[in-house]
Structures are given as C-alpha cells and as structure tokens.
Amino acid sequence: MHRRSFLVLTGTALAAPALGRASEAPVMLADLYGPGGAPSPLALSLEGQAVRLDGFMAPPLKPEARFFVLTERPMATCPFCAAGTQWPERIVTVQLRHSLRVIPFNRPVAAVGTLALAPATDEANDIHSRVWLSDATYQRL
C-alpha cells in the first residue's frame, strides 16, 4: 500500500465515526430555514444536537481558518473577497474541531457538528451567521 493511500484510508476511517454519530440522513440546508430566514420548526427541534449537513465548502476567507461556510450550491469565488458577488441566504458556518483542509468548491462535503441557531459573530474573522455547526468534523463525499 502506498503512503498516500494509507493516509487517505486512515483519514476516512477517523472521520467516519463522527459522521455516524449524527442523524442517519443528512439535514438539507433549505430545511433549516423558514420564512424570512427564521429557523424552521425542524431546526428548532434539532438545536443542540449532532446533525449531518451535506453541501459545498465555499472558498475560505483564509487557508489557516478553523471554520468554513457550507452552502447549498458550489461557489467558485469567495463572496467575502469578490465585490458584487451575491452571498447565498441559506448558509451554515462550520466551526471546526481541527484545522481546515480545503476541499475543491465543486465537490460535495458532509459536515457533522452540534447545531446552534443563535445569531452570532466570529469576531476574529468578522463572520456573521444565524446557523452554526460547532465542534465539527467534515469529509468529502
């Protein structure tokens, strides 16, 4: 077995238990939001629990970040960085347990963490979000 294959298999094995602790089926990002961007009844029922969300990693603001923004659709550019880029309304900020390993913007990812619904700001990075996954792990699907 080559070193790269071993590392890929090891990384997948380490991430798999975290994905197994969340609900069996992933929650859709659209299902977390109600009218006007308010939390949906489903989101309210899942707050404080481990959930799995599938989506796409928006290009990170900086590579050494310990978070990323999960979106419903692939985004080729960082909306924070490109003037005039419309930021999607249904996003989740994923605060990571470990350092960020960037996955290409057009490859789906699964993120698992504890769902929080309070509007909050990550002051260090000036990120504002109404929906967060904390202590999260993720992997490419």
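Two strands are counted as paired here if DSSP finds at least two bridges between them, and in this predicted model strands S2 and S3 meet that condition with five bridges, running antiparallel. The two belong to a set of five strands that close into a barrel in the order S1-S2-S3-S7-S4, with mixed pairing. Neighbouring strands of this sheet are turned by 50° against each other on average, when direction is ignored.

**Strand pairing in the barrel**

- Strands of a sheet pair through backbone hydrogen bonds, in either a parallel or an antiparallel sense.
- Strand S1 is joined to S4 by seven bridges, and the two run antiparallel; within this pairing Asp54 stands opposite Ala110 of S4, while Val51 stands opposite Gly113 of S4.
- Two bridges join S1 to S2, again in the antiparallel sense, and here Met57 faces Leu70 of S2 as its opposite residue.
- Along the antiparallel S2 and S3 pairing with its five bridges, Val69 stands opposite Thr93 in S3.
- Strands S4 and S7 are paired antiparallel over seven bridges, and Val109 has Arg140 in S7 as its bridge partner.
- Strand S1 is mostly covered, given that six of its eight residues are buried.

**The largest nonpolar core**

- In soluble globular proteins, nonpolar side chains tend to be buried together.
- The largest nonpolar core of this model has 24 residues, of which Leu32, Leu53, Phe68, Val92, Val94 and Leu133 touch the most other members.
- At least two residues of this core come from each of helix H2 (41-46), strand S1 (50-57), strand S2 (67-71), strand S3 (91-96), strand S4 (108-116) and strand S7 (132-140).
- Phe68 has a relative accessibility of 1% and therefore counts as buried, the cut-off being under 20% relative accessible area.
- Leaving aside residues up to four places away in sequence, Phe68 touches Met57, Val92, Thr93, Val94, Leu96, Leu100, Val109, Ala111 and Tyr138.

**The aromatic pair**

- The count of aromatic pairs comes to one, and this pair is formed by Phe68 and Tyr138 in an edge-to-face arrangement, at 5.0 Å centre to centre and with 65° between the planes.
- Because Phe68 lies in strand S2 and Tyr138 in strand S7, the pair ties together parts that are 70 residues apart in sequence.

**Salt bridges**

- A search of the whole structure finds three salt bridges.
- In one of them, the side chains of Arg52 and Asp54 meet at 2.9 Å, N to O; Arg52 is buried, with a relative accessible area of 17%, whereas Asp54 counts as partly exposed at 23% relative accessibility.
- The side chains of Glu72 and Arg90 meet in a salt bridge at 3.0 Å, N to O, and this pair links distant parts of the chain, with both Glu72 and Arg90 in the loop between S2 and S3 and 18 residues apart.
- Glu72 is partly exposed, with a relative accessible area of 29%, and Arg90 is likewise partly exposed, with a relative accessible area of 35%.
- The side chains of Asp135 and Arg97 meet in a salt bridge at 3.1 Å, N to O, linking distant parts of the chain, since Asp135 lies in strand S7 and Arg97 in the loop between S3 and S4, 38 residues apart.
- Asp135 is partly exposed, with a relative accessible area of 45%, and Arg97 counts as partly exposed at 31% relative accessibility.

**A buried loop residue**

- Ser40 is found in the loop between helix H1 (3-21) and H2, and at 6% relative accessibility Ser40 counts as buried.
- When residues up to four places away in sequence are not counted, Ser40 touches Asp31, Leu32, Tyr33 and Gly34; of these contacts, Leu32 is also among the core residues that touch the most other members.

Terms used. Residues are numbered from 1 along each chain as its sequence is written. This is a predicted model: local features need pLDDT of at least 70, side-chain atom pairs count only at pLDDT 80 or more; totals for chains, interfaces and linings use all residues. Side-chain values use heavy atoms; hydrogens and water are left out. A nonpolar core is a set of buried Ala, Val, Leu, Ile, Met, Phe, Trp, Tyr and Cys residues joined through side-chain atoms within 4.5 Å. Buried means under 20% relative accessible area, exposed over 50%, partly exposed in between (1.4 Å probe, protein chains only). Helices (H or I, at least four residues) and strands (E, at least two) are DSSP runs, numbered from the N terminus. Contact means heavy atoms within 4.5 Å. Rings of Phe, Tyr and Trp (its six-membered ring) pair if their centres lie within 6.5 Å; planes under 30 degrees apart count as stacked, over 60 as edge-to-face and the rest as tilted. Axes are lines fitted to C-alpha atoms, for helices over the stretch in contact, and angles run from 0 to 180 degrees between N-to-C directions. A salt bridge is a side-chain nitrogen of Lys or Arg within 4 Å of a carboxyl oxygen of Asp or Glu.
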